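Thanks for taking a look at this one with me. Please have the sequence and the 3D view open as you read.

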Amino acid sequence: MNSRFPWLPQFNAQVWILVFGRLLSQVGSGFTLFYAPIFFVNQVHLSAAAVGLGLGSASISGVLGRLASGSLSDSPQFGRRRTLLLSALVSAIASFVLAATTNFPIFVIGNLLMGLGLGLYWPATEAVVADLTTPDQRNEAYALTRLADSLGLGLGVILGGVLISATGAYRTLFILDGISFVVFFGVIYAAIAETVKPKNEPQQWLKGWGVALRDRALLVYALVNILFTTYVSQIQSTMPLYFSNFVSVGNSGQGFAPKEISALFTAHLVLSVLCQLPAARWLNRFSRPHALMISALIWAVGFVLVWATGISNSGQWLWAGLSLAVLAIANVAYTPAASSLVVDLAPESLRGVYLSINSQCWAIGYFIGPPLGGWALDQSKFVAYSFWLGLALSIGVALLILQYLQHLIVRSP
C-alpha cells in the first residue's frame with residue numbers, strides 16, 4: 001500500500017487493517033445512530049422518557065467498560081487483542097438484543113451491553129495504535145482512526161436512511177449493526193497480533209491506577225480535556241436546537257428547517273474528514289500542549305461565530321456555515337494531539353490505564369455538556385445567545401491550564 005500510495009502515512013500494516021475494520025463497524029453503528037429513538041418510540045411503543053433513560057444507561061456501563069479496558073489491555077495475561085475481541089463480541093450481542101427488543105427491560109439490557117462494548121473498545125484500540133507507531137506518527141495515526149469513525153458513521157447514516165425509506169424495516173438496521181461487529185471481530189482475530197510486550201511485568205490492577213492517579217501532568221491534562229469534550233458535545237447536542245429555535249433566517253422569523261440543519265452538519269462532517277490528516281500532519285511541528293492551545297483558540301473563534309449566527313439580521317447561512325467549518329477544524333486539531341499527549345505521558349506498561357483516563361474525560365464531558373447547553377436554551381434568548389460567548393471566554397481557562405501543562409512536561413526528566 002505504501003509503495004503504491006506514497007502520499008499516505010507510512011504506517012504498520014496492522015494500523016491500516018484496524019482502521020478498515022473500524023470503518024466497517026462504524027457503518028453498522030451509523031445505521032442505528034439517528035433511527036433508534038424513532039423506532040423504539042413509534043414501533044416498540046416505549047415512551048420518549050423511557051427511551052432517553054435507556055439510551056442514557058449506556059454511559060453507566062461505558063464508564064465500567066473503560067475502567068476494565070485500561071487494566072485488561074495492559075495485562076500481558078489478557079492484552080489489547082483479547083480486549084478488542086471482547087469489545088466486538090459484547091457490541092455484537094448488544095445489537096442483536098436491541099433488534100429483538102419488545103419491552104423496556106430488554107431495551108435497557110441492550111443499551112447496557114452496548115455501552116460496555118464501546119467502553120472496552122476505546123482504551124484498547126488507542127493503546128494498539130500507540131504500540132504500532134512512533135511518536136512522530138501518532139498524530140496522523142489517531143487522526144486516521146477518527147477519520148474512519150467519522151466516515152463510517154456518515155456512510156451508515158446515509159445507507160440507513162435509504163433502507164428505512166425503501167423498506168421501513170428498522171429491526172434490520174440493528175441486525176446489520178450486529179453483523180458489522182461480527183465482521184470487526186473477524187478482522188481483529190485474523191489480522192491483529194497482540195502488541196503487549198511479554199517483557200512487561202504483570203501489573204496489579206490497583207497499583208497501575210495508583211501510578212496514573214498520582215501523575216500530576218496526567219491529572220492536569222484530564223482537567224483541560226474535560227473542557228474540550230464538553231465543547232465537542234455542544235456541536236452534537238446544543239447547536240442543532242439553537243439553529244432551529246434561536247436563529248431567524250431571512251424575514252421568516254423561523255430557524256433553519258430540519259433538512260437545512262442536516263445539510264449544514266453533513267458539510268461539517270465532510271470537512272472534518274477532509275481536514276483530519278492534513279491538520280494532524282501540520283500540527284506535528286508543535287509540542288502536544290501547544291497543538292492543543294491552537295485548537296483551543298480555533299474553538300473560541302467558532303463559538304463566537306455561533307453567537308453571531310443567532311444575533312445577525314442577515315447572512316445566517318454564511319455565519320452558520322463558517323461556524324461549523326471553524327469548529328470542524330478545531331475538533332480535528334484536538335483529537336489526535338490529545339491522544340498522542342496521553343501516550344507520551346504514559347509508561348509503556350500503563351498505556352491502557354492512561355488512555356482509559358483519557359476516555360473517561362469524554363464520558364464526563366458528555367455528562368456535563370448536553371445538560372448545560374439544554375439549560376442555557378431553556379432560559380431567555382439573551383442567555384441562549386450569551387452561552388456561546390461564555391464558552392469562548394472559557395477558552396482562557398483552557399489556555400492557562402495548557403500553559404501549566406507545558407511547564408510540567410518541560411520540567412519532567
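1. A word on the basis first. This is a predicted model, in which local features need pLDDT of at least 70, side-chain atom pairs count only at pLDDT 80 or more, and totals for chains, interfaces and linings use all residues. Residues are numbered from 1 along each chain as its sequence is written, and side-chain values use heavy atoms, leaving out hydrogens and water.

2. The count of salt bridges comes to eight (a side-chain nitrogen of Lys or Arg within 4 Å of a carboxyl oxygen of Asp or Glu). Asp74, Arg80, Asp131 and Arg351 are linked in a network of them.

3. Arginine 80 is buried, at 3% relative accessible area (buried means under 20%, exposed over 50%, partly exposed in between, with a 1.4 Å probe and protein chains only). Aspartate 74 is also buried, at 3%.

4. Aspartate 131 forms a salt bridge with arginine 80 as well, again with closest N and O atoms 2.8 Å apart. Aspartate 131 lies in helix H5 (residues 104-131) and arginine 80 in helix H4 (residues 79-99), so the pair ties together parts 51 residues apart in sequence. Helices are DSSP runs (H or I, at least four residues), numbered from the N terminus.

5. Now for threonine 229, in helix H9 (residues 216-237). Threonine 229 is buried, with a relative accessible area of 0%. Leaving aside neighbours within four places in sequence, threonine 229 is in contact (heavy atoms within 4.5 Å) with Tyr334, Cys361, Trp362, Gly365 and Tyr366.

Methods. Helix = DSSP H or I, 4+ residues; strand = E, 2+ residues; numbered from the N terminus.
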